[in-house]
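Subject: A structure for you to look at

Hello! Please open it first and keep it beside you while you read.

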Amino acid sequence: MNTIIYQFPDREILCKNIGRTLKKLRKNQHIRQEDFAIQCQISRNTISLIETGKICPSFDVLYRICIVLDITLSDFTYYVENSLQKLK
C-alpha cells in the first residue's frame, strides 16, 4: 500500500493569506475595522490580529465574518486559495 504525502501550506503563510483576504474584502465594502468587529461580535483587537496574520480565526469566527461580509464560506475559501496560488 502506497502512502500519499500531501503538501500543505505553512500555517504562518495560511494565516497571513486569510488575514490579507479578510482585510481586502472588508475594505472593499468600506467597513471600518471597529465597526466590523462590532458587527461580528468580536473585539477589534481580534480582527487586527487576524488581518495581520498573527492568528487564524476559528471556524465560528470565520463563519460570522462571512455573514457580515455577505459571502459564503466557499467564496472566502476560494479567495484564500487564489491568493495562495499566486505565491507558487
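Let's start with a cysteine link: the one joining C15 and C56 is left-handed, with -115° about the S-S bond. In general, a disulfide is a covalent bond between the sulfur atoms of two cysteines. A search of the whole structure finds one.

Before going further, please note that this is a predicted model, where local features need pLDDT of at least 70 and side-chain atom pairs count only at pLDDT 80 or more, while totals for chains, interfaces and linings use all residues. Residues are numbered from 1 along each chain as its sequence is written, and side-chain values use heavy atoms, with hydrogens and water left out.

Why is C40 not bonded to C66? The closest cysteine sulfur to that of C40 is in C66, but at 9.2 Å it is too far for a bond. C66 is in no disulfide either. C40 is buried, with a relative accessible area of 1%, and C66 is buried at 2%. Buried means under 20% relative accessible area, exposed over 50%, and partly exposed in between (1.4 Å probe, protein chains only). C15 also counts as buried, at 4% relative accessibility.

Next, have a look at R26, which lies in helix α1 (residues 11-28). Is R26 buried or exposed? R26 is buried, with a relative accessible area of 5%. Leaving aside residues up to four places away in sequence, R26 touches I31, R32, Q33, F36, E51 and L69, where contact means heavy atoms within 4.5 Å. A polar atom of the R26 side chain lies 2.7 Å from the backbone oxygen of I31. By contrast, R26 and G53 are 15 Å apart in space, C-alpha to C-alpha, and 27 residues apart in sequence.

Happy exploring, and do write back with any questions!

Conventions: Helices (H or I, at least four residues) and strands (E, at least two) are DSSP runs, numbered from the N terminus. A polar contact is a pair of N or O atoms within 3.5 Å; within protein, one must be able to donate a hydrogen and the other to accept it, and residues adjacent in sequence count only if both atoms are side-chain atoms. A disulfide is a pair of cysteine sulfur atoms within 2.5 Å.
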